Amino acid sequence: MGVALSGGKDSVSLLYLMTELGRRMNFQVVALSVDEGIRGYREESLRCAREACSSLGVEHRVVSFREEFGVTLDEMVGLAERRKTGLDPCTYCGVMRRYLLNRVAREEGVCRVATGHNLDDEVQAILLNYLRGDLSRLLRLGPSYSPREGFVPRVKPLREIPEREVAAYALVRDLKVHLGQCPYARGLHAEVRDFLNRLESRHPNCKFGLLRTFERLKERLGGREEVGLQPCESCGEPTPQRVCRTCELLEGLGLR
């Protein structure tokens, strides 16, 4: 079992939980981290990730944007601004981080990758896709994902646990976690997060309500939209298109 490990409270808590479960149910855990190259932020979180793996005796694999793409995320953001791509940092980060996690998980031979998405993350993603009118991406959200050629399925064990409860677990267990906020966490995503938190403070359990409504809606619409995958013509990674999104983004920055 692979665990996507950033060093934050969610992923470190998940690593401890999955390691304990693995010892009880006799499966091994490997931690997978991506170093995007965010100056003043990622260094500290990776230190926490390494300490957690060391204390648990868990194998830790780290892959970086610099090694794989030749530039850091910070440098990509600068290129995007000069080329006026109109894309925000989270687009580059999210697409390329998922790309590398899938590849390194496949190389490590893991059967599933567990991510630390909590309830807050899930309802934020649901509302964002509503606002963007992206039905296809909305229907692909799920607690788990089906195995497909070249794609390592993912699971979200913390999906129904509020962020504050995960934070409480990390505090009670005295886990060393990185509490800093990504400097690129702004724009619509941040506004949706703040809106949902205000709503929840006035109307408790509305986040659970949004999640349950989405699940019922998804069931009525026939579940997740499954798309066929084929090797990217540029890098060979699985993609529903001729060229994967990562290669498209790199080409737009003049890096392909």
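Predicted model: local features only at pLDDT ≥ 70, side-chain atom pairs only at ≥ 80, totals over all residues.
Local features need pLDDT of at least 70, and side-chain atom pairs count only at pLDDT 80 or more, while totals for chains, interfaces and linings use all residues. Residues are numbered from 1 along each chain as its sequence is written, and side-chain values use heavy atoms, with hydrogens and water left out.

**View 1. Glu163 and Lys9 form a salt bridge.** A salt bridge is a side-chain nitrogen of Lys or Arg within 4 Å of a carboxyl oxygen of Asp or Glu. Here the closest N and O atoms are 2.8 Å apart. Glu163 sits in helix α8 (residues 163-172) and Lys9 in helix α1 (residues 9-25), 154 residues apart. Helices (H or I, at least four residues) and strands (E, at least two) are DSSP runs, numbered from the N terminus. Glu163 is partly exposed at 28% relative accessible area. Lys9 is buried at 17%. Buried means under 20% relative accessible area, exposed over 50%, and partly exposed in between (1.4 Å probe, protein chains only).

**View 2. Glu107 meets Arg61 in a salt bridge.** The N to O distance is 2.9 Å. Glu107 belongs to helix α5 (residues 89-108) and Arg61 to strand β3 (residues 59-64), so the pair ties together parts 46 residues apart in sequence. Glu107 is partly exposed at 45%. Arg61 is also partly exposed, at 27%.

**View 3. Arg106 pairs with Glu237 in a salt bridge.** N and O lie 2.6 Å apart. Arg106 is partly exposed at 35%, whereas Glu237 is buried at 7%.

**View 4. Salt bridges link into a network.** Its members are Glu122, Lys156, Arg159, Glu160, Arg212 and Glu215. The whole structure holds 23 salt bridges.
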